[in-house]
Amino acid sequence: MSECSPYLPPEQIDEFMSKALMSRIARRVVAEQHIALTKKFNGESPNCSNDKVGVVTIECDPEDSVRRCATLARELVAKSYQKVHGKEVPSLPGLIIEGHMGVRFPFVQDHMDYILFEVLKNSYQSTLRQNIQNPSPIRVTIAEGSDEAVIRISDNGGGIPLNQISTLCSFAKSDPMRQSALQTMPPVSTRVEVEPTAAETAAILPEDRNDFSSLGAAYSRLGIGLPVVSNFMKYWGGSLHLNSLAGLGCNVYLRFPNSRVGAREHLPFDPSQPDTVQTSPPLYSAHAH
């Protein structure tokens, strides 16, 4: 989609990707839930936790998830820095969790972990780019209302330029940095990796820069983390909202609806229907000849 960005309307690209991702999420949820329930029914999962129904955790603990995902994000950032600079990162941001610690609600744990990891990873990276010697801690606030649970992730990473905010959750991006990352990534038909090798990581970084702003991995440079997270949140009827404070940092709000009864699957469109974005006639038609 990044390669198509110069040639297609952003709305068309985002609608196509949203349909593709949500259809995939829906199929996977159905399949994994069926397999998990069948195994439990057949006694093939004797060690299965009693607080789980299939892949759904009945008493999902957001505080525990935040702590685990923050630890993983810190380890990834430290490992990436060491790969690029050949030395350990001087200091890593701390973590402060506050608010309603007793919040519990049904949710798919894997989905929550993925969502929190992506947002926390961005916060750690931006915070260290701002101040690597004495970085400010990442602050996570958990709140629960009558009809939603909210997780706010705040950092002092300098904020996001106003002209970039509107495209943060869009797949239609064609900036030079992203195009460079695409060119250095290995072909999908050859190999797919979640984390790039040291050589691949170094390949996408400018050779004349030694500061922490050069930290990055191929997948993060593509800018697909927040768009995918946004689709996960929309699938469960929630939302992702980012508020940037220029020169200071960002607040990311993750809203999980129906916190007392659990989130419900939600498709904001019918995948079987054609795209709503009007486009020009196709360059090729199967019925043209």
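Author: What follows covers the sheets, the helices packed on them, the aromatic pairs and the nonpolar core. Please bear in mind that this is a predicted model.

Reader: What is the strand order in the open sheet of 5 strands?

Author: The order is S3-S5-S6-S8-S7, and the pairing is mixed. At the edges are strand S3 (95-99) and strand S7 (239-245), each of which pairs on one side only. On average, neighbouring strands of this sheet are turned by 15° against each other, direction ignored.

Reader: In which sense do S3 and S5 pair?

Author: They pair in the parallel sense, over 5 bridges. Within that pairing, Ile 97 has Val 140 in S5 as its bridge partner.

Reader: And which residue of S6 stands opposite Val 140?

Author: That is Ile 153. S5 and S6 are antiparallel partners over 6 bridges, and a hairpin of 3 residues joins S5 to S6.

Reader: What about S7 and S8, parallel or antiparallel?

Author: S7 pairs with strand S8 (residues 249-257) in the antiparallel sense, over 7 bridges. One of the bridge pairs sets His 241 against Tyr 253 in S8.

Reader: Which strands does helix H8 touch?

Author: Helix H8 (residues 225-235) packs on the sheet and touches S7 and S8. The direction of H8 makes about 135° with that of S7.

Reader: How many residues of H8 are buried?

Author: The helix is mostly covered, with 10 of its 11 residues buried. Among them are Leu 226, Val 228, Val 229, Phe 232, Met 233 and Tyr 235.

Reader: What covers them?

Author: The cover on the buried residues of H8 includes helix H1 (10-41), H3, S7 and S8. After H8 comes Gly 237, which has a positive phi near 80°.

Reader: Which helix lies across S3, S5 and S6?

Author: That is helix H2 (residues 62-85), which runs at about 170° to S3.

Reader: You mentioned H3. What is its span from first C-alpha to last?

Author: Helix H3 (residues 109-130) has 22 residues and reaches 32 Å, close to the 32 Å expected at 1.5 Å a residue.

Reader: Is H3 enclosed or exposed?

Author: Of the 22 residues of H3, 17 are buried, so the helix is largely enclosed by the rest of the structure.

Reader: Let us change topic. How many aromatic pairs are there in the whole structure?

Author: A search of the whole structure finds 6. One of them joins Phe 105 and Phe 107 in an edge-to-face arrangement, 6.1 Å centre to centre with 75° between the planes. Both Phe 105 and Phe 107 are buried.

Reader: What is the geometry of Phe 105 with Phe 256?

Author: That pair is tilted, with 5.6 Å centre to centre and 40° between the planes. Phe 105 lies in strand S4 (residues 105-108) and Phe 256 in strand S8, so the pair ties together parts that are 151 residues apart in sequence.

Reader: Why does Phe 105 count as buried?

Author: Its relative accessibility is 2%, and buried means under 20%. Phe 256 also counts as buried, at 1% relative accessibility.

Reader: Which residues do the ring pairs link into a cluster?

Author: The cluster consists of Phe 105, Phe 107, Tyr 235, Trp 236 and Phe 256.

Reader: S4 came up just now. Which sheet holds S4?

Author: S4 belongs to an open sheet of 3 strands, ordered S1-S2-S4, with antiparallel pairing. The edge strands of that sheet are strand S1 (52-53) and S4, each pairing on one side only. S1 and strand S2 (residues 56-60) run antiparallel and are joined by 2 bridges, with Lys 52 opposite Thr 57 in S2.

Reader: Lastly, the core. Which residues of the largest nonpolar core touch the most other members?

Author: That core has 54 residues, and those touching the most other members are Leu 116, Leu 120, Val 140, Ile 153, Leu 254 and Phe 256.

Reader: With which residues is Leu 116 in contact, leaving aside its neighbours within four places in sequence?

Author: Leu 116 is in contact with Pro 62, Ser 65, Val 66, Cys 69, Ile 151, Ile 153 and Leu 254.

Note on methods. Residues are numbered from 1 along each chain as its sequence is written. This is a predicted model: local features need pLDDT of at least 70, side-chain atom pairs count only at pLDDT 80 or more; totals for chains, interfaces and linings use all residues. Side-chain values use heavy atoms; hydrogens and water are left out. Two strands pair if DSSP finds at least two bridges between them. Helices (H or I, at least four residues) and strands (E, at least two) are DSSP runs, numbered from the N terminus. Axes are lines fitted to C-alpha atoms, for helices over the stretch in contact, and angles run from 0 to 180 degrees between N-to-C directions. Contact means heavy atoms within 4.5 Å. Rings of Phe, Tyr and Trp (its six-membered ring) pair if their centres lie within 6.5 Å; planes under 30 degrees apart count as stacked, over 60 as edge-to-face and the rest as tilted. Buried means under 20% relative accessible area, exposed over 50%, partly exposed in between (1.4 Å probe, protein chains only). The expected span of a helix is 1.5 Å times one less than its number of residues. A nonpolar core is a set of buried Ala, Val, Leu, Ile, Met, Phe, Trp, Tyr and Cys residues joined through side-chain atoms within 4.5 Å.
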